[in-house]
Amino acid sequence: MILYALIMLLCAALFTVLAALIYKGKTDLIHDYHQTKVTDKTAYGKAFGKAMAVIAGGMALSGAASLFGEPAMWVAMAALATGLVVGIAAIIVVQKKYNGGVF
């Protein structure tokens with residue numbers, strides 16, 4: 001459980017840093033072909049950063065829940081799955097809104 005928590009918390013920290021950088025305008029961290037039709041890079045970066053922060057939050061909650069032992073692993077997995085599904089759905093919405101499609 002400790003190893004899982006450590007991995008999830010480290011991944012959450014990495015995603016949080018990337019989300020903050022993208023939110024602050026460093027959209028070059030997102031691959032060029034995802035931005036081919038984006039005209040408002042500032043709004044795009046803020047929306048994309050928020051979506052990535054949701055994924056990071058799911059990872060952090062999952063890691064924290066796993067510290068409570070074996071019985072809490074279902075909660076940890078649910079937190080991770082929820083964070084990933086909601087975050088990826090948000091990224092898809094952002095891509096469609098600002099780029100006209102996912103690719």
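Let me begin with a term: two residues are in contact when heavy atoms of theirs lie within 4.5 Å. Please also keep in mind that what you see is a predicted model.

With that term in hand, consider Val38, which sits in the loop between H1 and H2. Which residues does Val38 touch, leaving aside its neighbours within four places in sequence? The answer is Tyr44, Tyr98 and Asn99. For Asn99, the C-alpha atom is separated from that of Val38 by 4.9 Å, although the two residues are 61 residues apart along the chain. Is Val38 buried or exposed? Val38 has a relative accessible area of 9%, and the limit for a buried residue is under 20%, so Val38 counts as buried.

The model has 3 helices and 0 strands, and the order along the sequence reads α-α-α. The C-alpha trace spans about 50 × 20 × 15 Å along its principal axes. Of the 103 residues, 37% count as buried. As for contacts with a separation of 6 or more, 68% of them are between residues 24 or more positions apart.

How many aromatic pairs does the structure hold? There are 2 aromatic pairs. One is formed by Tyr44 and Phe48, with 5.8 Å centre to centre and 50° between the planes, a tilted arrangement. Both of these residues belong to helix H2, which covers residues 41-66, and they are 4 residues apart, about one turn of the helix. Tyr44 and Phe48 are both buried.

Another pair joins Tyr44 to Tyr98; here the geometry is edge-to-face, at 6.0 Å centre to centre and 70° between the planes. Why does this pair tie together parts that are 54 residues apart in sequence? Tyr44 lies in helix H2, whereas Tyr98 lies in helix H3, residues 73-99, and so the pair links those parts. Tyr44 and Tyr98 are both buried as well. Taken together, Tyr44, Phe48 and Tyr98 make up one aromatic cluster.

Next, I would draw your attention to Ser66, also in helix H2. The relative accessible area of Ser66 is 0%, and Ser66 is therefore buried. What surrounds Ser66, leaving aside its neighbours within four places in sequence? Ser66 is in contact with Met1, Tyr4, Ala5, Met73 and Ala76.

Finally, let us look at the surface. The accessible surface of the protein comes to about 6,100 Å², and 75% of that belongs to carbon and sulfur atoms. A nonpolar patch is formed there by Ile2, Leu9, Leu67 and Phe68, which together have about 460 Å² of accessible area. One of these residues, Ile2, lies in helix H1, residues 2-23. Ile2 has 61% relative accessibility and therefore counts as exposed, in contrast to Ser66, which is buried.

Thank you for your attention.

How values were computed. Residues are numbered from 1 along each chain as its sequence is written. This is a predicted model: local features need pLDDT of at least 70, side-chain atom pairs count only at pLDDT 80 or more; totals for chains, interfaces and linings use all residues. Side-chain values use heavy atoms; hydrogens and water are left out. Rings of Phe, Tyr and Trp (its six-membered ring) pair if their centres lie within 6.5 Å; planes under 30 degrees apart count as stacked, over 60 as edge-to-face and the rest as tilted. Helices (H or I, at least four residues) and strands (E, at least two) are DSSP runs, numbered from the N terminus. Buried means under 20% relative accessible area, exposed over 50%, partly exposed in between (1.4 Å probe, protein chains only). Patches are made of residues with over 30% relative accessible area and no salt bridge: like charges are joined within 9 Å, nonpolar side chains (Val, Leu, Ile, Met, Phe, Trp, Tyr) within 5 Å. Accessible areas come from the Shrake-Rupley method with a 1.4 Å probe; for residues, only the protein chains shown count as cover. A salt bridge is a side-chain nitrogen of Lys or Arg within 4 Å of a carboxyl oxygen of Asp or Glu.
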